[in-house]
Amino acid sequence: MTAVLDFLATISWWGWLLIFLSLLGLKDIFFNRKHSIKHNFPIVGHLRYFLEGIGPELRQYLVASNREELPFNRIERGWIYASAKNENNYEGFGTDQDIYSNHYIFINNAMLPFKMGENHPNRNDPGFIACAKVIGEFNNRKRPFRPASVINVSAMSFGSLSARAIEALNKGCKEAAAYHNTGEGGLSQYHQKGADVVFHFGTGYFGVRDKKGNFSMERIVKLVKENPQIRAIEIKLSQGAKPGKGGVLPASKITQEISDIRHVPLGKDVLSPPNHSAFSTISEMIDFIEDIAEATGLPVGIKSAVGKLDQWEELASIMARTQRGPDFITIDGGEGGTGAAPPSFADHVSLPWIYAFSEVYKIFMNEGITNRIVFIASGKLGFPAKATMAFAMGADCINVAREAMMSIGCIQAQSCHNNTCPTGIATQNKWLQSGLNIQDKARRVNYYFTKFRIELLEITHACGYEHPSQFTMYDVEINLSDKNLAENLASTFTYHKEKVPFGSIKEHLECPHLGGKYKEKEVKTKEAETEDTSVYDKKE
């Protein structure tokens with residue numbers, strides 16, 4: 001035995017390397033029955049799979065240009081990262097975009113910008129932009145709600161995102177006076193860190209289901225009563241990335257904590273069907289909405305992707321005729337994100353946001369009921385210029401998901417479906433989660449939202465308006481087809497957005513239904529890109 005150990009000790013490091021490679025080669029040739037590349041090209045064949053595995057990273061950091069990556073290119077991600085870190089988010093030497101490309105956005109500025117008075121609220125807080133409409137006001141809900149921020153966190157559930165990510169988002173929303181949509185995974189303890197909450201449920205009724213998996217009115221009433229931070233309820237009909245498709249939560253992923261939050265059993269797969277069991281027709285859905293609103297006192301809305309329009313026409317017709325129905329409608333574009341979806345669904349099913357929203361808005365406009373509904377836009381709109389376009393088309397608020405994830409560190413690794421997210425955001429792996437600093441990431445959410453609103457307001461003022469709700473279809477133009485011909489939104493989509501009732505931002509600040517537990521705070525901002533633009537006290 002001693003002789004063997006002495007012999008092994010004489011083998012150099014490169015000798016051990018040769019032995020390892022020889023054994024690997026023998027394994028590839030004689031024992032590999034799955035990969036022909038490894039069998040035919042032993043050892044070297046492994047390089048192919050290694051490079052394939054790191055392909056997204058190679059393209060992201062070395063190969064792709066600043067403007068060509070999808071879903072979000074490097075310039076877009078860089079703006080979010082810089083804003084979230086409270087760093088310089090300007091660019092120098094002019095735009096590097098192809099301003100003649102198809103669907104490029106042009107915003108028509110005014111000759112004379114809007115001039116704020118000395119006591120204007122935005123002089124003290126340049127990031128305050130509340131929703132111009134009050135959710136639930138038309139239908140006389142007991143607890144109407146005016147979102148204190150026009151940009152908010154979209155539906156992303158605990159389970160899809162990690163506990164630390166959810167907590168960071170909620171604390172950041174509290175600081176930014178934004179609301180936090182729970183997603184369909186139920187209300188977890190991580191959603192209860194101070195922000196306004198929009199409780200969202202889908203066909204699985206997680207968190208508000210009975211033992212048979214059906215919707216429980218008793219449970220949603222109890223949930224709302226025990227959690228006054230819930231300001232509205234959203235019923236998911238479908239989402240842009242996988243409309244009309246259900247899902248399965250494998251038993252292996254159901255922890256005791258998830259079981260308690262979602263009201264699902266341990267040790268069994270849980271099905272989210274494509275259809276709701278609580279209603280089957282548009283009329284039944286409206287009755288369902290009204291029953292929940294009456295029982296809870298909260299505004300109730302729906303979220304949906306858009307394809308066929310006949311049922312939207314039916315919904316608008318019934319609402320106009322009966323004066324009942326959803327208080328808000330969230331339109332989710334087909335370009336929206338998800339933790340996991342078949343490529344055929346994510347790539348091809350449902351319309352992109354710009355087409356979906358314009359078609360739906362026209363339907364409700366023809367019935368004369370747009371001003372009783374708060375329209376929420378969702379689908380890669382987390383940038384001031386895109387948000388401007390959305391407001392010009394009739395949106396009242398913007399929901400962001402992946403952009404919010406980027407503000408807390410998402411690097412677009414696109415491994416959400418593998419439970420291997422390297423930043424600890426879209427994974428339940430405890431080790432990967434441990435790298436996510438909740439307090440730091442919460443602050444970054446606040447920075448991103450605040451700087452977004454500041455820049456959006458600067459664009460608004462440049463166009464001569466006080467509030468983004470005042471944008472019209474003539475204020476934005478886009479390039480069409482290959483003729484490089486720019487047309488305003490009114491000509492492009494053949495409608496004129498209805499004028500949103502608006503008094504002043506001061507009225508919004510004094511509104512009794514204003515969310516966010518909003519308190520005016522002094523926020524110092526400076527124009528020059530080389531100077532500090534902090535929205536936090538440096539001592540914090």
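Begin by selecting K386 and E76: these two residues form a salt bridge, and their closest N and O atoms are 3.6 Å apart. K386 belongs to helix α15 (residues 384-393) and E76 to helix α6 (residues 74-84), so the pair ties together parts that are 310 residues apart in sequence. In general, side chains of opposite charge can pair when their charged atoms come close. The structure, which is a predicted model, holds 11 salt bridges.

Next, select residues 105-107, which make up strand β1, together with residues 476-480, which make up strand β12. The two strands run antiparallel and are joined by 3 bridges.

The 3 strands form an open sheet with antiparallel pairing, in the order β1-β12-β13.

Finally, turn to the surface and select D310, E313, E314 and E367. These residues gather there in a patch of negative charge. One of them, D310, lies in helix α12, which covers residues 310-322.

Methods. Residues are numbered from 1 along each chain as its sequence is written. This is a predicted model: local features need pLDDT of at least 70, side-chain atom pairs count only at pLDDT 80 or more; totals for chains, interfaces and linings use all residues. Side-chain values use heavy atoms; hydrogens and water are left out. Patches are made of residues with over 30% relative accessible area and no salt bridge: like charges are joined within 9 Å, nonpolar side chains (Val, Leu, Ile, Met, Phe, Trp, Tyr) within 5 Å. Accessible areas come from the Shrake-Rupley method with a 1.4 Å probe; for residues, only the protein chains shown count as cover. A salt bridge is a side-chain nitrogen of Lys or Arg within 4 Å of a carboxyl oxygen of Asp or Glu. Lys and Arg count as positive and Asp and Glu as negative; His and the chain ends are not counted. The place of a charge is taken as NZ of Lys, CZ of Arg, CG of Asp or CD of Glu. Helices (H or I, at least four residues) and strands (E, at least two) are DSSP runs, numbered from the N terminus. Two strands pair if DSSP finds at least two bridges between them.
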